[in-house]
Amino acid sequence: MIDTGLVQHDGQRHAGRAGANDQDFSCIGQHFSLHLSTTVDFLIEAIAFVNGRCHMDFMIENQPKKPSKSDRTRAQILEAARLLFAEHGYDGASIRDVAAHASIDPAMVIRYFRSKDELFARAAVVDLQLPALRVIDRTTIGETLIRRFLEIWEGPASGPGMAILLRSATSNEFAAEKLRDVFGNQVRPVVAAVADPAADADRRAGLVSSQLLGLAMCRYLLRLPPVVALSHDEIIQNVGPTLQRYVVGEDVS
């Protein structure tokens, strides 16, 4: 016979164990859930921190940097040099003159620019930004060039660069070479793009330059009264057709 007391006691013992196991699993589940929640919260905070730090780093990296003292000194020297070279030419403005105008020691000019030639070269950087003649109406090339000439010399964005070169080139070979560079690298390619035949580009570009440099010399440097008195419309009407013939005319001899 089976001892029912033992069976009952054993059943209670198993039931007790089952209840204990349920409690254990419940505790484990709660612990795991708490641990998972804590981990998720940590990851969210970590991601937010990283994003915030990246944003902060991005903002710092993209903030406009203030010019250093050396940058300000260099700009101060260049500004003085442009003004003096434009007013007195290459030979008429000395390193001491530039230093005095910039209120610094002459040794600082040499420190930043090494020589007067280098200072002049940097002060006289010229970008004519000539229009691409090949994409405009071929019959308006002369007018387009003379209008651009007037913008360079008298427009709101005009600067002393060309005056520096033109005034200095008559007496200084270094300045003359800089002006020849402007012709070779900026004027000639624009004219060559529309010159016909292409082999005639050098001659046509040279004639264009002679016309415009002569006008600049008379109007802005020598300041001949009749030339200074010309209005923009008068210059365009008289010089435009000549430039047109020089660039694309049949006969420029």
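From the N terminus on, the elements of this protein run α-α-α-α-α-α-α-α-α-α-α, giving 11 helices and zero strands (DSSP runs, H or I of at least four residues for helices and E of at least two for strands, numbered from the N terminus). The model is predicted, so local features need pLDDT of at least 70 and side-chain atom pairs count only at pLDDT 80 or more, while totals for chains, interfaces and linings use all residues. Residues are numbered from 1 along each chain as its sequence is written, and side-chain values use heavy atoms, with hydrogens and water left out.

Helix α2 (residues 69–92) and helix α4 (residues 106–113) have axes that come within 10 Å and cross at roughly 105 degrees (axes are lines fitted to C-alpha atoms, for helices over the stretch in contact, with angles from 0 to 180 degrees between N-to-C directions). That makes α2 roughly perpendicular to α4 (65 to 115 degrees). Here Ser70, Thr73, Arg74, Ile77 and Leu78 in α2 meet Met108, Val109, Tyr112 and Phe113 in α4 (contact means heavy atoms within 4.5 Å).

Turning to charged side chains, the whole structure holds 10 salt bridges (a side-chain nitrogen of Lys or Arg within 4 Å of a carboxyl oxygen of Asp or Glu). One of them joins Arg204 to Asp200, with the closest N and O atoms 3.1 Å apart. Arg204 is buried, at 2% relative accessible area, and Asp200 is buried at 13% (buried means under 20%, exposed over 50%, partly exposed in between, with a 1.4 Å probe and protein chains only). Another pairs Glu143 with Arg147 at 3.0 Å; Glu143 is partly exposed at 36%, and Arg147 is partly exposed at 41%.

Terms used:
Parallel < 35°, antiparallel > 145°, perpendicular 65-115°, else oblique.
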